[in-house]
Amino acid sequence: STIPGGGYGLLSGTSMATPHVSGLAALVWMYRPGLSMRQVRDVLLGSVRRLPALEGRTVTGGLINAKDALESTWAFAPPSPPKHAARGIEFEDVDQGVGSYAGTITIAAAADESDIEYYRIYF
């Protein structure tokens, strides 16, 4: 870990584990945005790699496992695609430099958004 003064040090505990667990939770939610918080928690707790050295030292007795966590999300029903799609999407590139993009994305929302929970843009 980084420590004050620009150095590095060996630290342990929940403050060191939290960024890893929250990062995996975000990855699971990105992969399956329809999951509830409880479902994400169950995925994380149920997909650990158990290690004898951690038995009794951590809640799960193991390490988080991103591969197993993502694979276990298939136990939950996948989100259904919306019947109503966006009417259009535009991107105005204001930086014409090679390999550089900057600008505004404009989405013309669906006329009926009753079955749309979010818009996802892949770029």
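The model is predicted, so to speak of a local feature I need pLDDT of at least 70, and side-chain atom pairs count only at pLDDT 80 or more, while totals for chains, interfaces and linings use all residues. Residues are numbered from 1 along each chain as its sequence is written, and side-chain values use heavy atoms, with hydrogens and water left out.

I start with the inside. The largest nonpolar core has eight residues: Leu-24, Ala-25, Val-28, Leu-35, Val-40, Val-43, Leu-44 and Ala-69. By a nonpolar core I mean buried Ala, Val, Leu, Ile, Met, Phe, Trp, Tyr and Cys residues joined through side-chain atoms within 4.5 Å. Buried is under 20% relative accessible area, exposed is over 50%, and partly exposed is in between, with a 1.4 Å probe and protein chains only. Helix 1 (14–31) and helix 2 (37–46) each supply at least two residues of this core. Helices here are DSSP runs of H or I with at least four residues, strands are runs of E with at least two, and both are numbered from the N terminus. Leaving aside residues up to four places away in sequence, Ala-25 touches Val-40 and Leu-44; contact means heavy atoms within 4.5 Å.

Now helix 2. Which of its residues are buried? Val-40, Val-43 and Leu-44 are. They lie on the same side of helix 2 because they cover an arc of only 95 degrees around the axis, taken from the directions from the helix axis to the C-beta atoms. The buried residues of helix 2 pack against helix 1 and helix 3 (66–72). On the other side of helix 2, Arg-38 and Gly-46 are exposed.

Next, charges. The whole structure has two salt bridges, each a side-chain nitrogen of Lys or Arg within 4 Å of a carboxyl oxygen of Asp or Glu. Arg-41 pairs with Asp-42, with the closest N and O atoms 3.2 Å apart. Lys-67 pairs with Glu-71, the closest N and O atoms again being 3.2 Å apart. Lys-67 and Glu-71 are four residues apart in helix 3, so about one helical turn separates them. Lys-67 is exposed at 54% relative accessibility, and Glu-71 is partly exposed at 45%.

Last, the surface. Ile-89, Phe-91, Tyr-101, Ile-105 and Ile-107 form a nonpolar patch with about 480 Å² of accessible area together. Such patches join nonpolar side chains (Val, Leu, Ile, Met, Phe, Trp, Tyr) within 5 Å, from residues with over 30% relative accessible area and no salt bridge; like charges are joined within 9 Å. Areas come from the Shrake-Rupley method with a 1.4 Å probe, and for residues only the protein chains shown count as cover. Strand 5 (88–93) and strand 6 (103–108) each give two or more residues to the patch.
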